[in-house]
Amino acid sequence: MFRFHKTLDIITVFHKASSPTSVRVAELLKQLSANSTAGASPNAKPSREPFELNVTEEPPTEDQVKTIIEYVGTKGISNVIKDAKSETEALRSFKQNKNSFIRPMVVDWNNGKAIAGDNESEILKLLNAQK
């Protein structure tokens, strides 16, 4: 008998290397990713299911921005695109200037969640959320 292996959740960090905040978030996630795949002992249950970490300095695509806005809702748009108050305004601003996208941005694509900034407790909540 064989088992189907569950695919790993994908966590993306839209990162800016020149930002100390972004560097802290990327390092935190790298550490959490390593810890989730290597339990302290063979019998120890990792604190979270392993996940695939994608750290990128590239801006998101327009479709990714739309998806992130869906994840954060209307009230969170200004945390995704600087000074935007609506999805239309956010997308227009992003098309004109990719740097209007706020980094660091942590996105859990499988669970439909996104967090801007370096709020460590919110990032830990996002990563530890069970499906």
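The following paragraphs describe the fold of a predicted model, from its overall layout to a few individual residues.

The protein chain holds 4 helices and 4 strands. Read from the N terminus, these elements follow the order β-α-β-α-α-β-β-α. Of the 131 residues in the chain, 33% are buried. Among the contacts with a separation of 6 or more, 60% are between residues 24 or more positions apart.

Strands of a sheet pair through backbone hydrogen bonds, and the pairing may be parallel or antiparallel. In this model, 4 strands make an open sheet with the order E2-E1-E3-E4, and its pairing is mixed. Strand E2 (51-56) and strand E4 are the edge strands, each of them pairing on one side only. On average, and with direction ignored, neighbouring strands of the sheet are turned by 15° against each other. Helix H4 (residues 120-128) packs on this sheet and touches E1, E2, E3 and E4. The direction of H4 makes about 165° with that of E4.

E1 and E2 run parallel and are joined by 6 bridges. Within this part of the sheet, Phe14 stands opposite Thr56 in E2. Strand E1 (residues 9-14) is also joined to E3, here by 4 bridges and in the antiparallel sense. Thr12 has Val107 in E3 as its bridge partner. E3 in turn pairs with strand E4 (residues 113-116), again antiparallel and over 4 bridges; Met105 finds its bridge partner in Ala116 of E4. E3 and E4 form a hairpin, with 4 residues between the two strands. In the turn of this hairpin, Gly112 has a positive phi of about 65°.

Turning to the helices, a packed pair is described by the angle between the axes and the distance between them. Helix H2 (residues 62-72) and helix H3 (residues 87-96) pack at an angle of about 150°, and their axes are 11 Å apart. Since angles over 145 degrees count as roughly antiparallel, H2 and H3 are therefore roughly antiparallel to each other. The crossing of H2 past H3 is right-handed. On the H2 side, the contact is made by Glu62, Val65, Lys66 and Ile69. H3 contributes Glu87, Ala90, Leu91, Phe94 and Lys95. Sorted by class, the contact of H2 with H3 has 5 nonpolar and 4 charged residues, and no polar ones.

Some single residues complete the picture. Phe101 lies in the loop between H3 and E3. With a relative accessible area of 3%, under the 20% cut-off, Phe101 is therefore classed as buried. Leaving out residues up to four places away in sequence, Phe101 touches Phe14, Pro60, Val65, Ile68, Val80, Ile81 and Phe94. Two of these partners, Val65 and Phe94, also take part in the contact between H2 and H3. The C-alpha atoms of Phe101 and Ala90 are separated by 8.9 Å, and the two residues are 11 apart along the chain.

Most residues other than glycine have a negative phi, and most peptide bonds are trans. In the loop between H3 and E3, where Pro104 has its place, a cis peptide bond joins Arg103 and Pro104, with omega about 0°. Asp83, a residue other than glycine, has a positive phi near 65°. Asp83 lies in the loop between H2 and H3 and is exposed, with a relative accessible area of 55%.

Finally, helix H1 (residues 20-37) includes Ser33. The relative accessibility of Ser33 is 13%, so Ser33 counts as buried. When neighbours within four places in sequence are set aside, Ser33 is in contact with Phe51 and Leu53.

How values were computed: Residues are numbered from 1 along each chain as its sequence is written. This is a predicted model: local features need pLDDT of at least 70, side-chain atom pairs count only at pLDDT 80 or more; totals for chains, interfaces and linings use all residues. Side-chain values use heavy atoms; hydrogens and water are left out. Axes are lines fitted to C-alpha atoms, for helices over the stretch in contact, and angles run from 0 to 180 degrees between N-to-C directions. Angles under 35 degrees count as roughly parallel, over 145 as roughly antiparallel, 65 to 115 as roughly perpendicular and the rest as oblique. A crossing is left-handed if the near helix is turned anticlockwise from the far one by less than a right angle, and right-handed if clockwise. Contact means heavy atoms within 4.5 Å. Ala, Val, Leu, Ile, Met, Phe, Trp, Tyr, Cys and Pro count as nonpolar, Asp, Glu, Lys and Arg as charged, and the others, Gly among them, as polar. Two strands pair if DSSP finds at least two bridges between them. Buried means under 20% relative accessible area, exposed over 50%, partly exposed in between (1.4 Å probe, protein chains only).
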